[in-house]
Amino acid sequence: MKTVSASALAAGAVHETNAHLDAVIIGAGFSGLCQLHMLRRLYGNNILVLEAGDDVGGTWYWNRYPGARCDCESHTYCYYFSDQLLTQWEWSERYPAQPEILSYLNFVADQLCLREQIICGQRLHKAEWNSRDGVWHLQTRQGLVLSCRYLITAVGCLSAANIPAITGLETFRGRYAHTGEWPQEDIDFAGKDVVVIGTGSTGIQAIPKIAETAQRLTVLQRTPNYSIPARNTGRDAAFWKCFREQRADWHEKMINSRSGHPWRAEPRQLWRTDKEEALAILEAAWQRGGLRFKDSFDDILTDSRSNKIMSDFIASKIRQVINDPAAAALLSNFDHPFATKRPPIDFSYFETYNLPHVDIIDIRTNPIETISPSGLVLKQGSKIAADIIVFATGFDAMTGALNKIEITGRDGRRLSEYWQEGPKTYLGLAMPDFPNLFTITGPGSPSVLTNMPRAIEQHVGWITGLLEYMHESGYTGCEAKAETSELWAEQVEEAAYQTLMPNAGHSWYLGANIPGKPRRFMPYAGGLDRYSGICEEEAASGYRNFIFRTGR
Ligand code: NA7
């Protein structure tokens, strides 16, 4: 086997096949960049990142649709592992827009000199474990062949785009795009009839932006969605001065919270609170805006009475904004408790429906029948003309991106088969029968239920700690014990059913948005703080739930 340095590969020697590396990381988004930086301490140059996109950024490289923004506050949505990075970057707004986040990740790649170990334009196609040699053999769709001792996936939880199978799409003469695979060049909506399908977080961000220039915008909604006003503002020098003084406190608060945000839910129960006082609290939280609204009480996800009060409050706010009572009803007749699907925050979303050229159609009662060359045809016969169709239809979440890679573990075991009845992992990080494979923010981890950079730093830190332990102990292989994945799946299930979240029967948390996908609550709902404690115990025990080996 040939040893070719990672930097030589990244510099363009991608025809050099059969290079052997200590570790390969898949993906150059938030997770991959951080993991590369951490593992350089151990493996120096002999580690590489494979990235499918033409540049770094991951989710923020692909999700460049109009209005794309983060729903976490900017000073919390960044790396904290490097004080230098933390103090050198100042975000311009409370909620960062996609171009600024992409600039930030490019800044990180440059500051930490990561680019020389990242090969872009290489999508991993196959990864096969070779038990005899104790290595992973990798092959990209572009033909690069490598092997490595450790394989670490940093593929993101929401990166496998879901375009629903609607008959006739191939006959459509206009243009269509999924928000998560948005083209590099801007799509010009001016003077165009545009249809947006989907009203999740993404649709809610894109719709007001598209409405600014489209000639006609028709929104096709299957499920009404709650949304809280973001109340975005600029960030000034005074904010950053204060932030720098208190950054250690911010960090402590985030890593010791359930959600990775710098706050804890207020210790009070909504249904037990005096009605007037409750309304005043809800109103103040509504005016402050953002995801913290839910945490103005701590029983919203555990007590359906409290959830109902909060849900009704949001519905009344929506109805106050929208002039047309029929549209207001369509947008606020909720069929699931608040925050049991990931709750969006918005930037004047509901106000958009007061514009004369914007319509909303309920496709739950009148579904899409087919797509024609000139638009869409609904079941009850109506036709919607379209020059552009925007699919804001979400993702095959958490498992989709991993299942797209042909991952074969010990004894020919395929990951997609291992997960046939739902994902099984140990801590969302590792799996029996898949030695030396680690999945950053994999299914079974808190990931999507948290502020992602905090979950990512926790995972990356833990994986790095395990690999350091192995390095120091002379181990070359590790694997989660056989029983761990079943036991952890039970804990994931138990944590979910202690909340109301499984009540949203059609959510992507459950895999229910993808036809045929097994229904399992995928993220760990027990909280980032509790989860980190479990991971720390595992490490402190000498990784008692792992089997180690030495030699090849
Ligand atoms: P989401 O939250 O999965 O939303 C997708 C939307 O698309 C939602 O309104 C779906 O309706 C709708 N959808 C999905 N499939 C269809 C079909 N076949 N027909 C009609 N409508 C459909 O994805 P987002 O991209 O908005 O957000 C994902 C995450 O990214 C978000 O939580 C943030 O973390 C960032 P449904 O509700 O399933 O009836």
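## Second largest pocket

The second largest pocket of this predicted model holds about 750 Å³ of space. A pocket here is an open set of points on a 1 Å grid over the protein atoms alone, where a 1.4 Å probe fits, with protein on both sides within 12 Å along at least five of seven lines. Its volume is the space filled by probe spheres set on the points.

Lining residues (an atom within 4 Å of a point) number 35, and Arg 258, Ser 259, Lys 294, Asp 295 and Leu 301 are the closest to the pocket centre. By class, 16 are nonpolar, 10 polar and nine charged.

## Ligand site

The ligand is surrounded by 19 residues (a heavy atom within 4 Å). Thr 199, Thr 202, Arg 222, Thr 223 and Lys 341 are the closest. This shell has seven nonpolar, eight polar and four charged residues.

Polar contacts are pairs of N or O atoms within 3.5 Å. A polar side-chain atom of Thr 223 sits 2.4 Å from a ligand oxygen. For a side-chain N or O atom of Arg 342, the distance to a ligand oxygen is 2.9 Å. Ser 201 uses a polar backbone atom, 3.0 Å from a ligand oxygen. On its own, the ligand has 770 Å² of accessible area (Shrake-Rupley, 1.4 Å probe); the protein covers 85% of this.

## Strands E13 and E14

Strands are DSSP runs of E, at least two residues, numbered from the N terminus. E13 (residues 368-372) and E14 (residues 375-378) run antiparallel, joined by four bridges; pairing needs at least two. Ile 368 faces Leu 378 of E14. A two-residue hairpin connects E13 to E14.

## Basis

Residues are numbered from 1 along each chain as its sequence is written. Local features need pLDDT of at least 70, side-chain atom pairs count only at pLDDT 80 or more, totals for chains, interfaces and linings use all residues, and side-chain values use heavy atoms, without hydrogens and water.

Conventions: Nonpolar A, V, L, I, M, F, W, Y, C, P; charged D, E, K, R; others polar. Polar contact = N/O pair within 3.5 Å; in protein donor to acceptor, adjacent residues only side chain to side chain.
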